[in-house]
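Trainee: I am new to this structure. Please take me closely through one part of it, the place where the two chains meet.

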Amino acid sequence: MNIYKLFDDAKRGSKRSLGRLLSILESPSNESFRLLKEFVKHGGKSHVIGITGIPGSGKSTLISKMISAMRRKGYSIAIVAIDPTSPYSQGALLGDRLRMQEHSTDPKVFIRSVSTRGVKGGLSLAALSMIEAFDAVGYDKIIVESVGVGQADIDIMNTAHTLLVITMPGVGDEIQALKAGIMEIGDVYVLNKSDKPEAAKTFEYLKFALETGELEIKHGWTPRIVKTSAIMGMGIDQVVSIIDEHYNYIRENSIFMDKLRDRRLFMLKLLVESLFLDNLDDMYRSGEIEELFKANDYYTSSIKIIELLLKKIRKIDNS
Amino acid sequence: MERTANLLRGRGRRIKVLVAKLGLDGHDRGAKVVARALRDAGMEVIYTGIRQTPEQVVSAALQEDVDVIGVSILSGAHLNLMKRLIDLLKKEGADDIPVFLGGTIPIPDIPKLKEIGIKEVFLPGTHLNLIRDYILGVVGERKEH
Ligand SMILES: Nc1nc2c(ncn2[C@@H]2O[C@H](COP(=O)(O)OP(=O)(O)OP(=O)(O)O)[C@@H](O)[C@H]2O)c(=O)[nH]1
Ligand SMILES: [Mg+2]
């Protein structure tokens, strides 16, 4: 299989080819490094939108409605759905796609699920590599869904150009609980399920949090609060137009490019970690490390291991 | 540990399965039970929901790059629907993805389905382990080629 042909076909709109490219990117290899090199030449244009918030708050349903509204504006859209899987069960039942499946056959929409457990190089690395791929292939908007609870989730959300934090009525305390993570860095706060009676109270709470400075003002942008009901289709156009407004705002100053640079730098760090740790793991399992340690003290063993790691990593050829 | 190793495809990737309900009937209990059993067997399962068209299922399978497609049909329209699904896969050059079918299928239809290109048919009451082992088998075969 020729990866450059896959990439060409993907750019021409082949979902089959793009689907396979994304699988190659799930873990670092000769091919994935070659592809990433190619992506950097072509990408750097897509608007990355992070959607995070309380489990079950309606993120996927909302995204599905947003896709409809954004398609009316003519954007092509890729979705990276990071599924919150239980760390206790071996496998994963990926449920985000189900809510967006009506868009499956739209040639300008591409939905890909990523599971926490399925990828060896780490979730963040897989998700970020996929963002690079969608960017290089030419999608206007890349939407990333994640619950934003684990460190990996938070790291990914931090790389988005525009961040939406989704909440729902009656969860004031949970907002507090999530605070340590991602709740205070949204560009837009969406109170979904506002068809529910307790919505007014939670809305007041959010407004209060904004007024008292609990919600952070980033790069001179004052966060917005919007009420939606994804199932009734209410407030969706408003969300989409605020996202456009934020996009124009970050385009007018250097924030868009700064975010892109930060995202790629962060990915580089993850790549190094993955190369290092995967190979270290192999050496540990194969008994190589034990051999070295028999003949050397801790420090000398460490140096020798690192030298060996470098040798192994150099075998990767991305020319 | 041994079992987990079998489930990995490529470097550290799990077997990915698409489970879909084709056609007009809305009974998805069976499909969901299978989806959960496969998840518990350590696979990544994508469930696309009820009332899907062959186009939607194929498109999802390509985007998710799944290893195998499992379809459940109770409406009786299995011959037509599965033919359309296989034709679409062929058109996309993706008919190497094995497709299995579950549901209330009259026995005389099974040879016809296999002729169309359906790899396996599971009738109601099939033990879930059998479906799991079947998938482990076909995905293993596919990797070797
Ligand atoms: N009342 C009401 N229910 C909604 C609304 N939006 C979504 N839901 C329901 O909330 C439930 C969860 O919706 P999802 O879209 O799966 O929520 P999610 O945040 O993506 O969930 P996870 O990905 O599991 O964290 C579903 O039963 C939806 O039908 C809404 O605006 N109002
Ligand atoms: Mg979701």
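Mentor: Start with one pair of side chains. In this predicted model, Asp96(B) and Arg16(A) form a salt bridge, with their closest N and O atoms 2.9 Å apart. Between chain A and chain B the count is two salt bridges. Over all chains, the structure holds 30 salt bridges.

Now widen the view to polar contacts. Across the interface of chain A and chain B, 17 residue pairs are in polar contact, both residues at pLDDT 80 or more. Which elements of chain A supply at least two residues each to the side that touches chain B? They are helix H2 (15-24), strand S3 (92-94), helix H5 (96-100) and strand S4 (109-115). S4(A) gives the largest share of that side, six residues. By type, the residues of the side of chain A that touches chain B divide into nine nonpolar, 12 polar and 10 charged.

Next, take the contact as a whole. Chain A brings 31 residues to it, and chain B brings 33 residues. Together the two chains bury about 2700 Å² between them. Of that area, 45% is on carbon and sulfur atoms.

Strand pairing also links the chains. S3(A) pairs with strand S4 (residues 44-47) of chain B. The sense is parallel, over three bridges. One of the partners to look for is Glu44(B), in S4(B), which is the bridge partner of Ala92(A).

Helix H5 of chain A deserves a second stop. Along with its part in the side that touches chain B, helix H5 of chain A holds Asp96(A). Keep the chain letters in mind here: Asp96(B) is the salt-bridge residue, while Asp96(A) coordinates the magnesium ion (ligand 2) through OD. Ser60(A) coordinates this ion through OG, and Glu145(A) through OE. Along the chain, the donors follow the spacing S-x35-D-x48-E. Ser60(A) lies in helix H4 (residues 59-72) of chain A and Asp96(A) in helix H5 of chain A, so this pair ties together parts that are 36 residues apart in sequence.

Terms used
Residues numbered from 1 in each chain as written. Chains lettered and ligands numbered in written order. Predicted model: local features only at pLDDT ≥ 70, side-chain atom pairs only at ≥ 80, totals over all residues. Heavy atoms only, no water. Contact = heavy atoms within 4.5 Å. Buried area = accessible area lost by both parts, 1.4 Å probe. Salt bridge = Lys/Arg side-chain N within 4 Å of Asp/Glu carboxyl O. Polar contact = N/O pair within 3.5 Å; in protein donor to acceptor, adjacent residues only side chain to side chain. Helix = DSSP H or I, 4+ residues; strand = E, 2+ residues; numbered from the N terminus. Nonpolar A, V, L, I, M, F, W, Y, C, P; charged D, E, K, R; others polar. Pairing = 2+ DSSP bridges. Donors = N, O, S within 2.8 Å, 3.2 Å for Na, K, Ca; no water.
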